[in-house]
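User: I would like to go through this model with you, one part at a time. Please keep the answers plain.

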Amino acid sequence: MNYKNITVAGSGVLGFQIAFQTAFHGFQVTVYDINDAALERAKAKFDGLSKEFTKDLNATPEQLKQTFDNLTYSSDLAEAVKNADLLIESVPENPTIKIGFYEKLAKVAPAKTVFVTNSSTMLPSEFADATGRPSQFLALHFANSIWKHNTAEIMGHPGTDPKVFEDIVAFSKAIGMLALPLKKEQPGYIINSMLVPFFYSATDLLLSEVADAHTIDKTWMKATGAPAGPFGMVDVVGITTLYNVIKMNAEKTKDPIRIKTVAFLKENFIDTNKLGVATGEGFYQYPNPAYKEEAFLK
Ligand code: NAD
């Protein structure tokens, strides 16, 4: 792997973290977004992120200055990608937007550029044709707060060149990630293939009135030694995400317990803006949720 110039497309929740993490590890990073206003919003967020890097990674002022020096910005796609060895796509999780983006990108990117998608729910084979270079395309999936939760799930589609796959494994390590290669395409990768059924089990227990949310969390925490239970975790992920996932499942399966869960989440959390940590309340109240207190497991 001899990548030097990286372009990150989309500077939203995940994209700006990926750009900063990559620049922090010494790569030249161009941040691309649809307009200058979006880029200005990203720039404003980098200051806050650099504080997190100081707190969590002991980043020095020199390292942070170098990180900012490694970042450039452009809202012109051809310009943003003209020297790119690798383009990391982190545009909205919407197939129409993603395909439109790849079709535009395919026309302007140099032949050498490898493309990776950070899509959480779509498979690389869904976009491989639109990229115009299926052998140089795969998924590189990050988790939110990537500097702390530094997993990189790497997932090719059947047409991905194995050498390109290995380059992405090496690149992910070079930016401080724990590289997690998948041997085949899997909707939800490894993490969501485990997490989603876990959340279904927890909400099914709750909505079947087997136990309340805090008892379910206590059981999980005490029995496994985990620092949070499913409902504490849902508050961190965001109740809206859980709601959307269960709603899709309920529409597909017509499972009565999932239908009941959708109505419950809507009435008690979505409509009341209790969306988890982000809004100060969800299954727990923040900033000091009960499950973090010693008495919770006594
Ligand atoms: P977001 O909506 O916060 O950010 C998307 C960014 O893309 C915005 O800055 C927007 O201006 C920009 N954009 C919109 N249209 C564009 C276009 N045509 N070309 C370029 N940029 C465009 O979204 P996000 O949460 O950062 O998610 C981005 C991707 O990352 C998705 O595929 C998502 O599945 C994945 N992801 C998200 C998370 C998460 O926790 N949010 C975690 C892992 C992976």
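User: Is Thr-203 buried or exposed?
Analyst: This is a predicted model. In it, Thr-203 has a relative accessibility of 2%, so Thr-203 counts as buried.

User: Which helix holds Thr-203, and what does Thr-203 touch?
Analyst: Thr-203 lies in helix H8, residues 191-207. Leaving out residues up to four places away in sequence, Thr-203 touches Phe-231, Leu-242, Ile-246 and Thr-261.

User: Changing topic: how is the chain divided into domains?
Analyst: Domain 1 covers 5-181 and domain 2 covers 195-293. Taken over C-alpha atoms, the centres of the two domains are separated by 30 Å.

User: How many residues of helix H1 are buried?
Analyst: Ten of the ten residues of H1 (residues 15-24) are buried, so the helix is largely enclosed by the rest of the structure. Among them are Phe-16, Phe-20 and Phe-24, together with Gln-17 and Gln-21. Just after H1, Gly-26 takes a positive phi of about 95°.

User: Take Phe-20, then. What is its relative accessible area, and which residues is Phe-20 in contact with?
Analyst: Phe-20 has a relative accessible area of 0% and is buried. Apart from neighbours within four places in sequence, Phe-20 is in contact with Phe-46, Leu-49, Ser-50, Phe-53, Leu-64, Thr-67, Phe-68 and Leu-71.

User: And what distance separates the C-alpha atoms of Phe-20 and Val-81?
Analyst: They are separated by 17 Å, with the two residues 61 apart along the chain.

User: What about Tyr-189: where is it, and is it buried or exposed?
Analyst: Tyr-189 is in the loop between strand S8 (178-181) and H8. Its relative accessibility is 1%, so Tyr-189 counts as buried. Its phi is near 55°, a positive value in a residue other than glycine.

User: Why point these out?
Analyst: Most residues other than glycine have a negative phi, and most peptide bonds are trans.

User: Where is the cis peptide bond?
Analyst: The peptide bond from Tyr-286 to Pro-287 is cis, with omega near 20°. Pro-287 is in the segment after helix H12 (256-270).

User: Last one: what lies 3.0 Å from a polar atom of the side chain of Gln-136?
Analyst: The backbone oxygen of Thr-113 does. Gln-136 itself is in the loop between helix H6 (128-131) and strand S6 (137-142). Residues up to four places away in sequence aside, Gln-136 touches Ala-111, Lys-112, Thr-113, Val-114, Phe-115 and Val-164.

Notes
Residues numbered from 1 in each chain as written. Predicted model: local features only at pLDDT ≥ 70, side-chain atom pairs only at ≥ 80, totals over all residues. Heavy atoms only, no water. Helix = DSSP H or I, 4+ residues; strand = E, 2+ residues; numbered from the N terminus. Polar contact = N/O pair within 3.5 Å; in protein donor to acceptor, adjacent residues only side chain to side chain. Contact = heavy atoms within 4.5 Å. Domains from an automatic or database assignment. Buried < 20%, exposed > 50% of the residue type's maximum accessible area, 1.4 Å probe, protein only.
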